[in-house]
Amino acid sequence: MGVHRQPRPHWDGAGPDGIGRRRFLGYVVAASTLTVAAELGESVLAPSRAAAVVPSVPGPAEIYDLNDMLTHAALPTANLITIRIDTDGTASFALPRAEVGQGITTSSAMLIAEELDLPLDKVRVSLADARPELLFNQVTGGSNTIISMYTPIRVAAAVARGRLLRAAALELGEVIDTLTAKAGVITSTATGRSLSYGDLAEKAAATSTGQVSVDLKEPADFKVIGTAQGRIDALDAVTGRKKFAMDLQVPGALPTMVCRPPTINGTVRSVQNLDAVRAMSGITDVVTVSTGVAVRGRTFGQCIDAVRALNVTWGPGTADGKSDATIRDELRKAELPLPALDLLTKSVDARFTFHFASNSALETNCAVADVRKDSAEIWASLKTPITAQEQIALQLGLPVSAVKLHITEGGGSFGRRLFFDAAAEAAEISQKMGKPVRLMWHRTDDFRHGRTHPMATSRARATYALGEVLTYQQHHTSVATDFSHGVGEIITAEAASLPVADLTFSETIFTLTQQTPYHFGVVTQLLSETDKGFNTGAMRNIYSPNVRCAQELIVDELARRMGKDAYQYRRTHLKDERARAVLDKVAQLGAWGRNMPAGTAQGIAIHPEYHAFVAVLAEIDCRPQTTGRTIPDAYTGPRVTKVVCAVDVGLAVNPRGLEAQMMGGIMDGIAITLSSGLHLDNGHFAEGSWDNYFYTRQWNTPPDLEIVVMPTTTGKPGGAGELAVGAAAAAVACAYGRATGKMPTDFPINHAEPLGFEPLPVSPPVPASPTDGLDRAY
């Protein structure tokens, strides 16, 4: 794998928007050692636009998007984000966001190290417990963390640096201007005397809280921000010292699992052998809960045995009798009609189907809960902990102040941990058993009962005349996406300022995230929903991978009909110069248009979102795979052989972390286009583990992968977490269409009958042996 890194850009002090050095307000907080806080958050970026023959009016997401909404919702409580300097010279910061592998603890530490002039290894970043006073400032989602916290964290660190310099001036009896701070030490340029931050931590502390103003470093002076850094938690991760929820040793908390219904959201009617299961070796408790029958034992293996032994009579679920075919019919009936065609225009018109998909995080749903008569304490990886705390308190009949939620690091999320299903379930089980529990879902539970990306259709039409696109319409119809995790509350609070009129939560999210990067005349993108009987949620860009995939395939077809090169056609119609730059970069590095054997082809696509742009060039081999590779018998389909990705997020705080995010997004994009989907059959999903959910693995990962981080053109960070998924999915789909000569319309492409694997039993939904079950549960 080759990784191309651009040289770190040089800034001249003033950004492209003409803003140079600005003063910010912060707070010095009364405490025993120096503790500081920020006040202001980040401002909104306005996208630039390019002219075209038939220009398009900017859509709502180009003016004010989901990321802007999340940033503005976090602003009022930014002053509650604090940094503490300890007597050992370290800076401690409790990050009010969830680390689930995206590297935000490292990026946050870099911001602190930069403004404090402190070595990165002297910054300690932990995850903050649920803090209701933060309101909407403790939501992790929408690729928003670095955008919304870029300025508050820096302001707090700059306040701390200023207080340390003042304390040193008093201690040394010198003027502040004669002092310099470097690597956690303040030195006098006049006398050479020095004091460490640890020496000054108590002396710099304040006895009362007061407001101060600070100057932030100019980008030209950055020594940490913008440099490639390894993750601060990398050593703990590879040595096994990193703690996840299931690694915690909470006194009395024993392994717990749940026997779940054979169909989605089924209910328990009766249990025929409760006493016999309670008497099994190692089992301490068996209780019926709202989601099934919970068992608690000395080991997870004993819990698996007990779950398999339970004889339960189940009531119907919310999806009984439903299958891929019935859901497709529902979606077709719920599609918003497209207007009649003008006889003077031609059109490209297609309908695309996107099947259910699993978030498939490596760590299954899990939580530790200790519920007492008048209190509760819970440990879990949570992206919306304040909402979780409120809802769990209501469920338990306790005041919010009596419920403590500790945020642990999560082994992946992809939108899954916006919901707190495991934490709420663990709390319910602990309350009913009257004992602490360590709840872990089976891998099969995650696939069959966990949150899924909803099945959807997308009807897209572009009309054209005289070689120009006049209209582009896309009506996306989806099984309902659940937004009850807390983002809906933000929408309600921000409703008056949103440019989306009176829309539902889902329609608002769709409008604030979907845009077209092209000048295609009159552009209309609408969402309609149907069927709320499924456990759904956001998954990597929410709607964007599906919507972008459909749109880019339409663009390829437009270029073909007009006799244009697909890359040049896109370039001509792009609105933004930043978009044009990333497209040019991948076309250049990927040798766009080179001669390739029959059955192979290139595809190219672009995706704008959250003040950032990414372009992906993919090469695919659709010839029969007879190379001797070790692959599952069920999958012998096309393979992506090369990917070139160029990404512009404005200012990349940590380019190395950004590259890693792009890699993960590319693998997800390949998976959802080619191989990863769930088959719904009579109210349950057939897939039950990794051996039949074909996520991108070593055998179908492109051996040639190149990622370019573009130099900043804005001086400010944009969103990056999900950015590459939509572009990669679309580029792979376009490559497949060019290689086979037929536009693909059903995704993933290998989603066909027969399944090609033997599904695990549906009742009880557990693996065949305890050992296998434990392997798959992690």
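Strands E17 (residues 366-371) and E18 pair in the antiparallel sense, over four bridges. The model is predicted, so to speak, with rules attached: local features need pLDDT of at least 70, side-chain atom pairs count only at pLDDT 80 or more, and totals for chains, interfaces and linings use all residues. Residues are numbered from 1 along each chain as its sequence is written, and side-chain values use heavy atoms, with hydrogens and water left out.

Q: What makes E17 and E18 a pair?
A: Two strands pair if DSSP finds at least two bridges between them, and E17 and E18 have four. Strands here are DSSP runs of at least two residues (E), helices runs of at least four (H or I), numbered from the N terminus. Val 371 stands opposite Ala 376 in E18, and four residues sit between the two strands of this hairpin.

Q: How do you know that E18 is joined to E19?
A: Five bridges join E18 to E19 (residues 403-407), and the two run parallel. Ala 380 has Ile 407 in E19 as its bridge partner.

Q: Why is E18 called largely enclosed?
A: Buried means under 20% relative accessible area (exposed is over 50%, partly exposed in between; 1.4 Å probe, protein chains only). Four of the five residues of E18 (residues 376-380) are buried, so the rest of the structure largely encloses this strand.

Q: Why are H16 and H17 called roughly antiparallel?
A: Angles run from 0 to 180 degrees between N-to-C directions, with axes fitted to C-alpha atoms, for helices over the stretch in contact. Under 35 degrees counts as roughly parallel, over 145 as roughly antiparallel, 65 to 115 as roughly perpendicular and the rest as oblique. The axes of H16 (residues 566-573) and H17 (residues 577-589) cross at roughly 165°, coming within 10 Å; H16 and H17 are therefore roughly antiparallel.

Q: What is the handedness of the crossing of H16 and H17?
A: Left-handed. That label applies if the near helix is turned anticlockwise from the far one by less than a right angle; clockwise gives right-handed.

Q: Which residues of H16 meet H17?
A: Tyr 567, Arg 570, Arg 571 and Thr 572 in H16 meet Arg 580, Leu 583, Asp 584 and Ala 587 in H17, where contact means heavy atoms within 4.5 Å.

Q: How do H15 and H19 pack?
A: H15 (residues 544-561) and H19 (residues 723-740) pack at about 40°, their axes 8 Å apart. H15 passes H19 in a right-handed crossing.
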